[in-house]
Amino acid sequence: MTDAAMTDPAVADAVTDVQAMLDVISVQAVWCVAIRNELGETVDFEVGAASPEATDVHGRSGKELIGVRTLGTYPSVLDTPLWESYLRVLRTGEPEEVIRYEHMEAVQGIPRRSIYTVKASRLRDGLLQVWTRHDDEERLAARQAHTERLGSLGWGRWDFVTGEVEWSPQLYLIHGRDPADGPLGLEDYRAITHPDDYSVIEDAVTALTTDDGPHEFEFRIRVGGAYRYLRATAELSRDAMGRPIEMHGVLQDVTDWRRTADQLMTVRQRLEEESQLTSHLQHIIMPVQDEPVALPGMRVAARYDPAETAPLGGDWYQVIALNDDEVLLAIGDVAGHGVAAASAMAKLRHAITGLAFAHHDPAETLVALNRLLRRMRPDVLATAIVARYQPRSRMLTWTHAGHPPMLLVRGDEVRRLLHPGVLLGVFEEVAYTTASVRLEPGDLLLMFTDGLIELPGRDLFDGLDILSGTIEETMRTAPRDRLAAVMDVLTPSNTSDDTCILVARITPNNLEVS
C-alpha cells in the first residue's frame, strides 16, 4: 500500500470494523497497514486503529496512536527481531510472538529501556499487534520490594478454605525464616509469640471475626534468641454467607522504632527529673517570695522568671533587714546559664549578705565581690547593684557594677538612678563609688535584670524607655495598690533569658502599710 492507502474505501471499511473490535477488548493492541514503496516493498507500518488501553513509550494512548508510523516514530525498531517478525507475519499470514523484546527509546532526551512481549497476526490485509510491557510490572515489583525493605514490612495471605499460605520475601526476613521452609500458618504463631502477648492475639482474633474492616495490633515474636516487635494490620475476606475465607495482613518490624521510643521516653523522664531537680536547686539557692514582705520603711515584692530554655540561671536578688534601721537591696546577673552560672550566682549572693552584715558600704561590697570573683571564678563576668536604705533618714545609698539602672517612680513620673561602675570580674583591681538619693513615702524603687528590657536587635535604652512609659501609663490610673499594679505590668521581653524583678514601696514608718 502507498501513502494514499488509508484513503482507499476498502481500507477505510476495515479500519471501522477493526476499531469497533478493539474498542471492546481489554488489551494493548493496534492494527496497522503496510506502507510500501514503488517496488512494493514494506517500508513502514501506520496505525489505523487502536484499543483504549494501548500506550506507547511516549505516553500516547488509545486513538492518539492512530496515524503513528512504526519506523517514523520508533526508528530503533528497524532490523530488530520485532521488525523481521512483522514482515514475516504480513508475508506468510502465520502469527508470531516475540518474547521479551528490548526496546531502547529516548524519552524527553533520556534513553529509556522497555521490555515487551509482542504478538502479531495478519488481519484484513493489515497487521494486528498485541503487547504486554514487562518493565512496568518489573518496576512495580521493584518498587514494592524497595518499599518493603525500607519500611521493614511484608505482606501475607492465609486461605482458610485451601490452607494455602503466601508470604512476600520480606516477611521471611522479618521472621528470620528460610523461604525453603515455607511460610507459617496462623496456628504456628503461638509457638513464637511472647507469652505476655497471647491476650493481644486473642483480642485481635475476636476483633477480626466480629467486626469488618482492618484491625491493627502489636505483639512480639521470638527471632533467633531475641524477641522482636511486630505491628500487624489484618483484614478478613468473607464469602456470600459472611463466613471468613481468607485473611490478608501486613506485618512491620518496629523493633528499632520501639527501642528508640523507649530510649526517648527514658531521656524524657531523665530530663523531667533534671528539670525538677534544677527548679528545686534554683529555689534552694535563691528562695522566691510569693507575697510582698514588710521591711523597715518599705514593702517589697519580688519575682524570678526562669528562662524557657535554661531554668537554672545566674540572675539573683537579695532583700533583707540588716537591723531595725537599715535594709539591704541588691540585684545581679552572672553571665551564662546552667550549673556554673548558678554556682557563681550563689557565691555572690551569699557574699553580699555577709559583707553587708559586716557593715561594708555598697562600694566596699562591690570591691570585695570583684576580688572574690577574680580569685574563685576568673572565667565569669557579672553585673550588680548594691543599695542600703535607712528608713529614719529615708536615704538610699547605692552603687552599680555595669547593671541596668534602678528606676524611681514618684507619682506618675519615672526617673533613672544612674551611676557608673565597671562589670565584676573584668579587672584585678577596681574602685567603686556610691550615690545617694532621699526617697519619699509612696515612692516606688524598681530593680531588675536585663531580661526585663532586652530584646535581640533592640538597644537596652530603648527597652528602658518602653518600660518607663508602661509604668507611667499605669500610674496615671491612680491604682490603690501601686506596688501590685507595677508588678502586674512587668513582663520579661526576652524569654530565653532569666529575669529578676524587685519593687520596693517606701512607707512612712516601720509599720506595714499598703
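Guide: Let's begin with aspartate 159, whose side chain reaches the backbone nitrogen of valine 161 at 2.8 Å. That side chain also reaches the backbone nitrogen of threonine 162, here at 3.0 Å. Please keep in mind that this is a predicted model. Aspartate 159 itself is found in strand E6, which covers residues 153–159. Is aspartate 159 buried or exposed? With a relative accessibility of 15%, aspartate 159 counts as buried, because the cut-off for buried is under 20%. Leaving aside residues up to four places away in sequence, aspartate 159 touches Glu164, Ile245 and Glu246.

Now turn to aspartate 56, which sits in the loop between strand E2 (42–50) and helix H2 (70–73).

Two backbone angles are worth a look next. Most residues other than glycine have a negative phi. Arginine 394, however, has a phi near 55°, a positive value in a residue other than glycine. Arginine 394 lies in the loop between strand E15 (382–390) and strand E16 (395–401). Its relative accessibility is 18%, so arginine 394 counts as buried. Alanine 478 also has a positive phi, near 50°, and is likewise a residue other than glycine. Where is alanine 478 placed? You will find alanine 478 in the loop between H11 and H12. Alanine 478 is exposed, with a relative accessible area of 59%.

Helix H11 (residues 460–475) and helix H12 (residues 482–489) pack with their axes 10 Å apart, at an angle of about 140°. The two helices, H11 and H12, are therefore oblique to each other. On the H11 side, the contact is made by Thr470, Ile471, Thr474 and Met475, while H12 brings Arg482, Ala485, Val486 and Val489. The crossing in which H11 passes H12 is right-handed.

Another loop residue to look at is glutamate 308, between strand E12 (298–305) and strand E13 (313–323). At 64% relative accessibility, glutamate 308 counts as exposed. In sequence, glutamate 308 and asparagine 494 are 186 residues apart, yet in space their C-alpha atoms are 9.6 Å apart.

Let's step back to the whole chain. Its secondary structure comes to 12 helices and 21 strands. Of its 514 residues, 44% count as buried. Among the contacts in the protein chain with a separation of 6 or more, 58% are between residues 24 or more positions apart.

How confident is the predictor? The mean pLDDT of the protein chain is 85, and 88% of its residues reach 70 or more. Over residues 510–514, pLDDT stays under 50. For residues 510–514, the model has 12 contacts beyond four places in sequence.

Definitions and conventions. Residues numbered from 1 in each chain as written. Predicted model: local features only at pLDDT ≥ 70, side-chain atom pairs only at ≥ 80, totals over all residues. Heavy atoms only, no water. pLDDT = per-residue confidence, 0-100. Contact = heavy atoms within 4.5 Å. Helix = DSSP H or I, 4+ residues; strand = E, 2+ residues; numbered from the N terminus. Axes fitted to C-alpha atoms, helices over the stretch in contact; angles between N-to-C directions. Parallel < 35°, antiparallel > 145°, perpendicular 65-115°, else oblique. Left-handed = near helix turned anticlockwise from the far one by under 90°. Buried < 20%, exposed > 50% of the residue type's maximum accessible area, 1.4 Å probe, protein only. Polar contact = N/O pair within 3.5 Å; in protein donor to acceptor, adjacent residues only side chain to side chain.
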